[in-house]
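Subject: Structure handover

Hi,

Here is the structure I promised to pass on. Please open it alongside this note; my findings follow below.

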Number of protein chains: 2
Amino acid sequence: MDKFNLNKNIMIGQSGGPTVAINASLAGIINAAALSGLKGKIYGLINGISGLMEDRFIDLSGFMTARNNLNKLTTSPAMFLGSCRYKLPKAEDNEEVYKTLFKKFDDMNIGAFFYIGGNDSMDTAAKLSAYAEKIGSDVCFIGVPKTVDNDLCEIDHTPGFGSAAKYIATTVKEIVYDTSIYRQDKVTIIEVMGRNAGWLTAAAALARTGDVPIPQFIYLPETVFDKDKFIKDIEEELTKHNNVVVCVSEGIKDHEGNYIAATGGKGDGFGHVQLAGAGKVLENLVKERLGIKCRAVEINISQRCAGHLCSKMDIDEAYDLGIFAYSLYRSGMTGVLSSMRRIPGDEYHTEYYAADVSKAANGEKKIPLEWIDIENADVKQEMIDYIKPLIQGEVPVNYVDGLPDYIDISHLIPAVNK
Amino acid sequence: MDKFNLNKNIMIGQSGGPTVAINASLAGIINAAALSGLKGKIYGLINGISGLMEDRFIDLSGFMTARNNLNKLTTSPAMFLGSCRYKLPKAEDNEEVYKTLFKKFDDMNIGAFFYIGGNDSMDTAAKLSAYAEKIGSDVCFIGVPKTVDNDLCEIDHTPGFGSAAKYIATTVKEIVYDTSIYRQDKVTIIEVMGRNAGWLTAAAALARTGDVPIPQFIYLPETVFDKDKFIKDIEEELTKHNNVVVCVSEGIKDHEGNYIAATGGKGDGFGHVQLAGAGKVLENLVKERLGIKCRAVEINISQRCAGHLCSKMDIDEAYDLGIFAYSLYRSGMTGVLSSMRRIPGDEYHTEYYAADVSKAANGEKKIPLEWIDIENADVKQEMIDYIKPLIQGEVPVNYVDGLPDYIDISHLIPAVNK
């Protein structure tokens, strides 16, 4: 029998960390449902799978006919439906949870469950689809990818990454402008997100434009970070330029695999040691070893939520992955990830396909070592060629009273009732 | 005799910290000179007054007829001419410096010297104009204001502040969206620039829009910061909302006037203590006292150099202050600051006037205490009404290859020749 049924309701949830593209995928699913002539409702889970446990959801059906809301949703950062970090247990360990969830699916007459998220969310979608098969449930479980870290497998790159890369490259370029105004020797260390994969930090290489060869160094977690080489790199560069800008991933590690960030030890009473990031630790190292002006700058959570500076390519692809996810439901597929692959060639082309969501759930995609120039603490052209298409284009954001007019999220911050 | 002379050359310098509006003032002066029919050259000092000592300047005359360059200059952040922190000695202490400088003015046939900067730069302009009067020099010295801190006297608000305020309000709003996705109790502390004046931090209040009353608290350096009240404020708010966002100025101080930022003491070998900002110190305090999730976010130097998110009102005013500065030279004035005052009324209106640059050089403008709601750790409506007009409008930035196309600054980063 065909699992796709226009009379059934569908359910959408978001999970994991925020990106500026995740709401675009949500909008894509909603619009595809509308265009399919869906007669059922579209339920939006508040706070993902844990919201389902607590019966917290809203009816998104109204969005199907409200183009303005869809447009605003598409360009609003973070998560309109909220998120959760709930890790679904294995069915063999706790089948009660599954029984509870699938009873809700039945009671709510759910035909498809779309989960937008990263590795953990795909793990949830994989477990649910496996259990559905086991019990012969018709509910389709479809994963929709997102994560700024770009470490998801089974996809060329993840929605959210392109915009974060554009924000990082732009911000690093602006910091280069900011730090170039004085002539004194100065080192600026920019710390970018990325515990194990350096994709976001690598994007800083795009900030080098025109005749300004700054930032000079990029250190990624895929390679060993050597403090002595780091100091030597800077000393040498200072003989060429007064303004040295270094970009490092938060997760860079030494030969023993220990984080450069001061995470070990209890530290002083204020806990500063375990709280000092890689950038701050290296700032202190430069001051001690070279005795020159050094400042650490952490590109903080803005890199994943700066909705005012999105990559149009990223938002468009996120939206299309939502559309494609719904088409997978139309084909009656389950246990799949709405994915895309890059078509080899000089121009940037992608094609969409259904990947195995269980494969996406495991593993962590890192930068190929052959794309990294370890000797010069830099990335190679292959890395630039990979990222460049993903930051192209700007998304027109509507401003009201001088601020971006994002979609209202007051439903995510209810008065606490304890 | 009339000091204004179309056949004489003019000199422009920039000094102090960067803003996104300072180049707009430079463009305004250049364009006004062009429109005045100036036959002399326009010299741009590289690295301000210290660049003059070392005869480092470029000829900006070409910009007079290059509309594209002027437009790009107007919307490029930081300082096209570079900056310096050189403090001009008093003439009575070191007249040699003055003799050197004025000989250069004569040799280069300078009719007017425009210095774009903050308090220290205005001090330089004031000293030079006083000395000129003393020796009967015809050179006009005109100050053009800028500083993100908005702490300059003799002007309603400073160019650069409006754009920084817009960036801060936008970023805080986006962080509010980012932090609203989970339901667990969480405190986020956002640290904003401002050692003694809280203007930039106050701008965070504009981030509250629609039905989202976050950030809930704003702590400014103009008032005493009480750690116990701070913890009590948060505890109370947590009974109303899970997501508590607090904005603090880097310079908040306790009853004894000591910075909350861990600046004292040697700290551990890594010097973490003296390097921990106010936000990080409060993050640790919340974790210790309340034992809940807390994260400090420092809105770093991007708040003063994010050219991709400018306030059109700010850039327009900065440009006009450059135009007006040149008109002051046309009137043969010296020792003046190109300034503006707000005209009382419901709508936002300003008028430009010549202020005494020596008065602008001294003093530091802080937020009036009556604009601060100390009890509720917030700002009052007067504060909102003051800032709101300054963040209005967006500046269209040209993007090339996915990044803002700012004016080339390679002349600021020459190969070092040691």
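Which residue of chain A forms a salt bridge with B:Arg304? The partner is A:Asp178, and the closest N and O atoms are 2.7 Å apart. Keep in mind that this is a predicted model. Every value here is computed from it.

**The interface**

That pair belongs to a wider set. The rule finds four salt bridges across the interface of chain A and chain B. It also finds 30 residue pairs in polar contact there, both residues at pLDDT 80 or more. H6(A) gives the most, with 10 residues. By class, this side of chain A has 42 nonpolar, 22 polar and 24 charged residues.

Now the contact totals. In chain A, 88 residues are in contact with chain B, and 88 residues of chain B take part in return. The area buried between the two chains is about 7200 Å². Carbon and sulfur atoms give 56% of that area.

**B:Thr19 and its surroundings**

B:Arg304 turns up again here. It is one of the residues that B:Thr19 touches, not counting residues up to four places away in sequence. B:Thr19 sits in the loop between strand S1 (9-14) and helix H1 (22-35) of chain B. B:Thr19 counts as buried, at 0% relative accessibility. Its side chain reaches the backbone nitrogen of B:Ile22 at 3.0 Å.

**Backbone points to check**

Most residues other than glycine have a negative phi, and most peptide bonds are trans. Here are some exceptions.

- B:Ala78 lies in the loop between helix H3 (67-74) and helix H4 (95-107) of chain B. At 1% relative accessibility, B:Ala78 is buried.
- B:Asn150 also has a positive phi, of about 60°, and is not a glycine. Its loop runs between strand S5 (140-145) and helix H6 (161-179) of chain B. B:Asn150 is buried, at 0% relative accessible area.
- The peptide bond from A:Ile214 to A:Pro215 is cis, with omega near 10°. A:Pro215 is in the loop between helix H7 (199-202) and strand S7 (217-219) of chain A.
- In chain B, the bond from B:Ile214 to B:Pro215 is cis, with omega near 10°. B:Pro215 is in the loop between helix H7 (199-202) and strand S7 (217-219) of chain B.

**A:Thr223**

Further along chain A, A:Thr223 is found in the loop between S7 and helix H8 (227-238). A:Thr223 counts as buried, at 15% relative accessibility. The side chain of A:Thr223 reaches the backbone oxygen of A:Leu220 at 3.2 Å. Leaving out residues up to four places away in sequence, A:Thr223 touches A:Lys253, A:Leu369, A:Ile372 and A:Ile374.

**A buried strand residue**

B:Ile190 lies in strand S6 (residues 186-192) of chain B. Is B:Ile190 buried or exposed? Buried, with a relative accessible area of 0%. Neighbours within four places in sequence aside, B:Ile190 is in contact with B:Val172, B:Ile175, B:Val245, B:Val246, B:Cys247, B:Val248, B:Val297 and B:Ile299. One distance for your notes: the C-alpha atoms of B:Ile190 and B:Val379 are separated by 16 Å. Those two residues are 189 apart along the chain.

**Cysteines**

How many disulfides does a search of the whole structure find? Zero, over all chains. Take A:Cys84. Its closest cysteine sulfur is in A:Cys305, 19 Å away, so the two are too far apart for a bond. The cut-off for a disulfide is 2.5 Å between sulfur atoms. A:Cys84 is buried, with a relative accessible area of 5%. B:Cys140 is buried as well, at 0%.

Best wishes

How values were computed: Residues numbered from 1 in each chain as written. Chains lettered and ligands numbered in written order. Predicted model: local features only at pLDDT ≥ 70, side-chain atom pairs only at ≥ 80, totals over all residues. Heavy atoms only, no water. Buried < 20%, exposed > 50% of the residue type's maximum accessible area, 1.4 Å probe, protein only. Helix = DSSP H or I, 4+ residues; strand = E, 2+ residues; numbered from the N terminus. Contact = heavy atoms within 4.5 Å. Buried area = accessible area lost by both parts, 1.4 Å probe. Salt bridge = Lys/Arg side-chain N within 4 Å of Asp/Glu carboxyl O. Polar contact = N/O pair within 3.5 Å; in protein donor to acceptor, adjacent residues only side chain to side chain. Nonpolar A, V, L, I, M, F, W, Y, C, P; charged D, E, K, R; others polar.
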